[in-house]
Amino acid sequence: MEHTDKQKMEGENRKKLKILCLHGFRTSGSFLKKQISKWDPSLFAQFDMEFPDGKFPAGGKSDIEGIFPPPYFEWFQFNKEFTEYTNLEECISYLCEYITANGPFDGFLGFSQGATLSALLIGYQAQGKLLKEHPPIKLLVSISGSKFRDPSICDVAYKDPIKAKSVHFIGDKDWLKLPSEELASAFDKPLIIRHPQGHTVPRLDEMATSLLRNWITEVDFSVCEHDIDHEEKKSEVKGSKLEAYSTNETKGVNGVQIKKGETDTVEVTQVDQNLQEEASEFNINYDEFESRKQPLPIM
């Protein structure tokens with residue numbers, strides 16, 4: 001039986017992966033849901049996604065005022081250099097309680113501050129600092145995320161390469177481009193998908209969509225393998241899935257190569273015209289939209 005056929009048959013009978021989705025600074029869970037709605041919805045067919053709001057009401061003007069209705073929230077506050085944080089411990093406690101009460105969760109998806117926070121939680125859990133009774137978080141979708149800069153945090157959260165499967169969306173015009181690359185380097189064998197846009201959830205072209213779909217499928221099966229008895233798994237998939245995934249290189253959709261054993265990187269070839277389309281979605285003037293997309297200090 002073909003590998004893809006095997007995946008399709010097993011996929012129809014598997015439970016969905018539960019994903020916690022954390023929004024960006026001074027936005028909301030509803031806005032993040034709107035942001036990722038520009039992606040092919042079939043990508044998330046195997047995901048059960050939750051979009052909570054941040055713990056704290058926005059403490060200042062939101063960049064999406066007039067674009068998306070309030071209320072707006074933030075997860076924690078920070079100084080200009082992003083080296084000092086206010087209410088971070090309270091935020092972490094809040095999310096741990098939320099995860100424990102509503103989980104277990106298989107993975108996180110986050111944009112900007114939400115991605116930064118998601119990676120921190122995964123790193124902390126890997127080091128035994130929190131969520132000790134919760135199953136290991138197995139995957140991260142990071143969009144414009146970054147690393148914390150406080151050494152007392154870095155020395156714990158990023159002490160060792162984080163083993164969770166991760167995909168990182170990095171924009172060429174994003175003021176968080178370098179911090180996003182630093183975050184990706186904290187993970188073991190991350191997939192990096194680049195796009196020509198700025199600090200935004202990008203539209204995905206066919207190649208990027210195919211790569212993300214492949215990554216989700218591979219992660220989905222990797223997670224499910226942990227729930228299958230080893231001997232049963234070996235007898236059911238020997239000669240198909242395990243052999244396919246054990247090769248050094250696999251062919252992605254449309255023949256795009258994904259090399260194992262190193263950072264997986266793909267350049268997404270999109271044009272800035274997509275930003276015009278994004279502005280049109282919210283029925284606002286494009287120039288006004290661009291003028292609002294000024295960089296915050298770090299988030």
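**Aromatic pairs, nonpolar cores and polar contacts**

The predicted model contains 14 aromatic pairs. Rings of Phe, Tyr and Trp (its six-membered ring) pair if their centres lie within 6.5 Å; planes under 30 degrees apart count as stacked, over 60 as edge-to-face and the rest as tilted. Because the model is predicted, local features need pLDDT of at least 70 and side-chain atom pairs count only at pLDDT 80 or more, while totals for chains, interfaces and linings use all residues. Residues are numbered from 1 along each chain as its sequence is written, and side-chain values use heavy atoms, with hydrogens and water left out.

Phe 31 and Phe 68 form an edge-to-face pair, 5.2 Å centre to centre with 65° between the planes. This pair links distant parts of the chain, 37 residues apart. Phe 31 is in helix 2 (residues 29-35), and Phe 68 is in the loop between strand 3 (56-57) and strand 4 (73-74). Helices (H or I, at least four residues) and strands (E, at least two) are DSSP runs, numbered from the N terminus. Both Phe 31 and Phe 68 are buried. Buried means under 20% relative accessible area, exposed over 50%, and partly exposed in between (1.4 Å probe, protein chains only). Tyr 98 and Phe 105 form a stacked pair, with 6.4 Å between centres and 25° between planes. Phe 105 is buried at a relative accessible area of 1%. One aromatic cluster is formed by Phe 25, Phe 76, Phe 78, Phe 82, Tyr 85 and Phe 148.

Two lysines lie over ring faces. Lys 55 is 5.5 Å from the ring centre of Phe 56. Lys 129 is 5.2 Å from that of Tyr 124. The criterion is NZ of Lys or CZ of Arg within 6 Å of the ring centre and within 35 degrees of the ring normal.

The largest nonpolar core has 37 residues. Such a core is a set of buried Ala, Val, Leu, Ile, Met, Phe, Trp, Tyr and Cys residues joined through side-chain atoms within 4.5 Å. Phe 76, Leu 88, Leu 117, Leu 120 and Phe 148 have the most contacts inside this core. Strand 1 (17-22), helix 3 (88-102), helix 4 (113-126) and helix 5 (151-157) each give two or more residues to the core. Helix 3 supplies the largest share, seven residues. Apart from this core lies another, of 29 residues, including Trp 39, Phe 51, Val 201 and Ile 216.

Phe 148 touches residues that include Phe 76, Tyr 85, Leu 88, Leu 117 and Ile 153, not counting those up to four places away in sequence. Contact means heavy atoms within 4.5 Å.

The disulfide count is zero; a disulfide requires a pair of cysteine sulfur atoms within 2.5 Å. The sulfur of Cys 91 is 9.2 Å from the closest cysteine sulfur, in Cys 96, and therefore too far for a bond. Cys 91 is buried, at 0% relative accessible area.

Gln 77 belongs to strand 5 (residues 77-78). Gln 77 is buried, with a relative accessible area of 18%. Its side chain makes polar contacts with the side chains of Glu 74 at 2.9 Å and Asn 87 at 2.7 Å. A polar contact is a pair of N or O atoms within 3.5 Å; within protein, one must be able to donate a hydrogen and the other to accept it, and residues adjacent in sequence count only if both atoms are side-chain atoms.

His 199 lies in the loop between strand 10 (191-195) and helix 7 (206-225). His 199 counts as buried at 11% relative accessibility. Its side chain makes polar contacts with the side chains of Ser 112 (2.9 Å) and Asp 174 (2.9 Å).
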